[in-house]
Amino acid sequence: MKRITITTIVALLATFQLIAYTAQEAVDKFVSHSSLRYASVGVQVIDLDSAMSIASYRPDQANITASTMKTVVSSAALGLMGPHFRFETPVYLDGEVKDGHFKGDIVIRGMGDPTLGSIFLPQQANIVEEILDALRARGINSVEGSILGDDSYYAYPFYEESWDVGDLAFDYGTAVHGLSFHDNLMTVNFSVDSRSQISKYRITPPVPGLKVVNRMRRNSRRNAVTAYLDYSTPALVLTGEATSKSYQNTYANPTPAPMLVDSVEQALYRSNDIRFQREENAYEEVSGNAEHTLLVLHKSPELTEIITSLLDRSDNMFAHALLRAIGSRDWELKNMENMPPDLDAIGVAAVKRWLEQQGINTEPLFMRDGSGLARANKASVNFFGDMLSMMAHRRFDGVRLCDLMPKAAGRAGKTLKANPLSDAIVLKSGSMRHVQCYVGYYPANEPRYAFAVLVNNFTCSQASIREQIGTFLCNLFEEL
């Protein structure tokens, strides 16, 4: 009897082993889940050696992409600007230097670099320190004048107009300025009293000229503080409901140039060897003898480092900055000046043109921004399959897109996270309300397969659909 029991247990354990699926069987099992009954789903799996589909589901249907759109702008940026591209931010002395004393303006000319002062790239050169070091190198020990931040490179609006206005005030909805700083983010600490009035607030880093407007309602039981930006004032407008307590939230900064200017000024005030006297009209007083001299040419990290960071963290501002850089490059190549308000559309056209030159059909690509934040961004999994296949065979000075993509790790549910495949798959995820998408490669080091999964309008939770997709990827690649 004991022998029969052990035999039975062994047989039962064997049935619990992971079932081997063909690629198409794995796809069919995934799309048959009850939570996808009313969903718009697209799945494509490409064998990279043959560039042929080995499994698919509704490959031509265009679905909302969310942040998987970041792989499109990253690919085009690599192709058009090269992996070693760096943004440059010139800093000029407009005035005169005499006996170690500079009188005039120090002008920081923004050229679209999204990484200035970024907390996510702490190893890069600090533009504030560069300015002070350059002054010292020129023997300047006294500055009388103004620090000016020139944010005119990009025309208003600084955000893509198809973005949801409700996203613009928050850390994931930061706009792209000609002169960006500190990821265009600010931390706001404020206290609300019993009358729902703001008793005090502090912005870090400081943003001179920015107002905080209170339009909150009192609620003794519920906190539902939200916000929006007023670019015309400029102001951060706090709305919603609040109890009497202290708050700390991170918001988008609508005016990053004054933040950078203040950071330079405060560094000069703290300096032991450079005396700083702020004078608004110093340049006008010396204009007859003034010179326009390059003081610093700040350079961002290389494009590969920027892309690696933005894909890993899904940084909307970095990604959209790449689209604007592509658009401005295209504009300047035509010997055009004064960036137009529709620069995003110019960038999109340049991205599509480059993709078409690589043999990619862009008809299934409906692109509005570089980040995927706009719900108007749509594409088919066929498009992604073709693009990923092309990028798997392209190296840009030795760099491939797959080299810059993050590993699956915990990005697609617990089942995949616990599977050794999590370190063998690289992917970019994208999510927003009722949208969950993944595109990527397997295996990570020498990809043999590319995949795209775009799911819109599922009826389960976000965590559940991530788990389902992660399980699908396990079923898909376990036997491949």
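**The sheet and its surroundings**

Mentor: The largest nonpolar core holds 67 residues, and Val72, Leu355 and Tyr441 have the most contacts inside it. Helix α8, residues 316-333, contributes the most to this core, with nine residues. Another core lies apart from it, with 55 residues, including Leu132, Ala175, Phe190 and Val261. Keep in mind that this is a predicted model.

Now the sheet. Five strands make an open sheet, ordered β14-β6-β5-β4-β15, with mixed pairing. The edges belong to β14 (275-278) and β15 (291-299). Each has a single partner strand, so one side of each lacks a neighbour in the sheet. On average, neighbouring strands are turned by 30° against each other, direction ignored.

Take the pairings one by one. β5 (residues 101-109) and β6 (residues 142-150) run parallel, paired over nine bridges. Here Arg109 stands opposite Asp150 of β6. β4 and β5 are antiparallel, over eight bridges. Asp94 has Asp105 in β5 as its bridge partner. The hairpin of these two strands, β4 and β5, has two residues between them, and Asp99 takes a positive phi near 55° there. β4 and β15 also pair in the antiparallel sense, over eight bridges. Gly95 is bridged to Glu291 in β15.

α4 (residues 127-137) packs on it, touching β4 (88-98), β5, β6 and β15. The direction of α4 makes about 135° with that of β15. α5 (residues 256-270) lies across β5, β6 and β14, at about 165° to β6.

Eleven of the 15 residues are buried, which leaves α5 mostly covered. Among the buried ones are Met259, Leu260, Val261, Val264 and Leu268, but also Asp262, Ser263 and Glu265. Val261 belongs to the 55-residue core too. The cover over the buried residues of α5 includes β5, α4, β6, β7 (185-192) and β14.

Follow the chain out of β6. The loop between β6 and β7 contains Pro157. A cis peptide bond joins Tyr156 to Pro157, with omega about 5°. Elsewhere, Tyr442 and Pro443 are joined by a cis bond, with omega about -15°. Pro443 sits in the loop between β19 (435-442) and β20 (449-456). Most residues other than glycine have a negative phi, and most peptide bonds are trans.

Two alanines in loops also deserve a check. Ala51 has a positive phi, near 60°. Its loop runs between β1 (40-47) and β2 (52-57), and Ala51 is partly exposed, at 43% relative accessible area. Ala409 has a positive phi near 40°. Ala409 lies between α11 (401-404) and α12 (413-417) and is partly exposed, at 33%.

Last, the cysteines. Cys474 is buried, with a relative accessible area of 3%. Cys402 is buried as well, at 5%.

Notes
Residues numbered from 1 in each chain as written. Predicted model: local features only at pLDDT ≥ 70, side-chain atom pairs only at ≥ 80, totals over all residues. Heavy atoms only, no water. Core = buried A, V, L, I, M, F, W, Y, C linked by side-chain atoms within 4.5 Å. Buried < 20%, exposed > 50% of the residue type's maximum accessible area, 1.4 Å probe, protein only. Helix = DSSP H or I, 4+ residues; strand = E, 2+ residues; numbered from the N terminus. Pairing = 2+ DSSP bridges. Axes fitted to C-alpha atoms, helices over the stretch in contact; angles between N-to-C directions. Contact = heavy atoms within 4.5 Å.
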